[in-house]
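Subject: Structure handover

Hello,

Please find the structure below, followed by notes on what was found in it.

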Amino acid sequence: MELSERKKKILRAVVESYIQTAEPVGSKALAELAGVKVSSATIRNELAELTELGYLEQPHTSAGRVPSPQGYRLYVNELMEEQRLSLEETKQINEALHLKMRELDKVIDQAGRMVSQLTNYPAFALTEGARRLTIRRFDLILVDEASFIAVVMTDSSVVKNKLFRLPAQLSEPQLQLLTTLLNTAFVGKTLDQLTPELMRVAEHAAGSSYGLISLVVSFAMEVLDALESGAVYTAGTSHILDHPEYQDVGKAQKLMSYLTEERSLAQALALPALEGDDTKILIGPENVADELKDTSVVLASYDIGDGMKGVIGVVGPTRMDYAKVAAKLSYVADGLSKLFGQPELPPGTPEKEET
């Protein structure tokens, strides 16, 4: 059933008022909020019809109305206005995205933390598994006679390092020789090629040298395996306690525990969920996971490069300012795509400043 323009105005007013106050909205306040010149009795009739149609709910007999998941969906699809970020907000996002870091995971983790701070909701960032990667370079750095740092760089420019402590002494010339062997034998090899190559090297390398080579190559295999499996980053789960819907400690704890289960979160919010859309909003029952049925999730996708994609988003109550949250996520995702695709971000100023 197509709603009349008056019903749409009233529904939009209810949604936006409830987003701001977390309080049921009554007929007396709606005449001014909705901008309709009708009596309170007419508005009460409209509210009753919107409730019968499933767009609104009435928590108590004498209370005002609150939006239902169906009401939120109509609001998101047809009624909410596109939000423009303020100059200060775009400046804050751009400064945070101009990170002088080479490691992709640190950039994405930092972006997730920034989104949580910007929205006051728990945030998450997902990266899809990379294509088949190889090691581009090994570097071994002597710390002291009994320890060294192994640094590996993949062909996607991800850099990882690990400290190794040894039971025996190691000299700088020995370490340089090991570095040469690693860069000669293992550079350009995929994950499934590293083990056969390690077995081949075992036939020629001395026992002590092979032991060290095996340690570093095993570390390189861990790096490639993690990158090809994708990753999940979460931030700001405690923000859920800032919202009145989660004053029930048991309800809040259940959701917070779920958000820390990275594998479950990745399955529920997998990259295919976007289905080609740059931004998507999942309201209440539209979420796959039972733990998210009383929440809303806003997602935005970004390009990492080399055919890889990622998703960044937030989880919060259905009483969410969808337009503002979607605008911020879209801007952050666009900034991440540009950050991974080119050395510098453009100024990215909005068309107009929000008042």
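A search of the whole structure finds 12 salt bridges, a salt bridge being a side-chain nitrogen of Lys or Arg within 4 Å of a carboxyl oxygen of Asp or Glu. Before the details, two remarks on conventions. This is a predicted model, in which local features need pLDDT of at least 70 and side-chain atom pairs count only at pLDDT 80 or more, while totals for chains, interfaces and linings use all residues. Residues are numbered from 1 along each chain as its sequence is written, and side-chain values use heavy atoms, with hydrogens and water left out.

Salt bridges

One of the salt bridges is between the side chains of Glu46 and Lys7, at 2.7 Å from N to O. This pair links distant parts of the chain: Glu46 belongs to helix 3 (residues 40-52) and Lys7 to helix 1 (residues 5-21), 39 residues apart. Helices (H or I, at least four residues) and strands (E, at least two) are DSSP runs, numbered from the N terminus. Glu46 has a relative accessible area of 5% and is therefore buried; Lys7, at 9%, also counts as buried. The cut-offs are under 20% relative accessible area for buried and over 50% for exposed, with partly exposed in between (1.4 Å probe, protein chains only).

The side chains of Glu78 and Lys8 also meet in a salt bridge, at 3.4 Å from N to O. Glu78 lies in helix 4 and Lys8 in helix 1, so this pair ties together parts that are 70 residues apart in sequence. Glu78 is partly exposed, because its relative accessible area is 48%, whereas Lys8 is buried at 11%.

Within helix 12, Lys338 forms a salt bridge with Asp334. Lys338 counts as partly exposed at 29% relative accessibility, and so does Asp334 at 35%. Salt bridges that share partners join Arg6, Lys7, Glu46 and Glu49 into one network.

Aromatic rings

The search of the whole structure finds three aromatic pairs. Rings of Phe, Tyr and Trp (its six-membered ring) pair if their centres lie within 6.5 Å; planes under 30 degrees apart count as stacked, over 60 as edge-to-face and the rest as tilted. Tyr72 and Tyr322 form an edge-to-face pair, with 5.6 Å from centre to centre and 65° between the planes. Tyr72 is in helix 4 (residues 69-79) and Tyr322 in helix 12 (residues 322-341), so the pair links distant parts of the chain, 250 residues apart. Both Tyr72 and Tyr322 are buried.

Phe164 and Phe219 form another edge-to-face pair, at 6.4 Å centre to centre and 75° between the planes. Because Phe164 lies in strand 6 and Phe219 in helix 9 (residues 207-229), the pair ties together parts that are 55 residues apart in sequence. Phe164 is buried, with a relative accessible area of 7%, and Phe219 counts as buried at 7%. Ring pairs link Phe148, Phe164 and Phe219 into a cluster.

There is also a charge over a ring: the charged end of Lys251 sits over the ring of Tyr246, 5.2 Å from its centre. The criterion is NZ of Lys or CZ of Arg within 6 Å of the ring centre and within 35 degrees of the ring normal.

Strands and a loop

Strand 5 (residues 147-154) and strand 6 (residues 159-165) run antiparallel and are joined by seven bridges; two strands pair if DSSP finds at least two bridges between them. They form a hairpin with four residues between them, and Ser157 in the turn has a positive phi of about 70°. Met153 stands opposite Val159 in strand 6.

Thr134 is found in the loop between strand 3 (123-127) and strand 4 (135-144). Thr134 is buried, with a relative accessible area of 13%. Leaving aside neighbours within four places in sequence, Thr134 is in contact (heavy atoms within 4.5 Å) with Thr154, Asp155, Gly188, Lys189, Thr190 and Leu224.

Whole chain

The protein chain has 12 helices and 10 strands. Of its 355 residues, 47% are buried. Among contacts between residues at least 6 apart in sequence, 63% join residues at least 24 apart.

Regards
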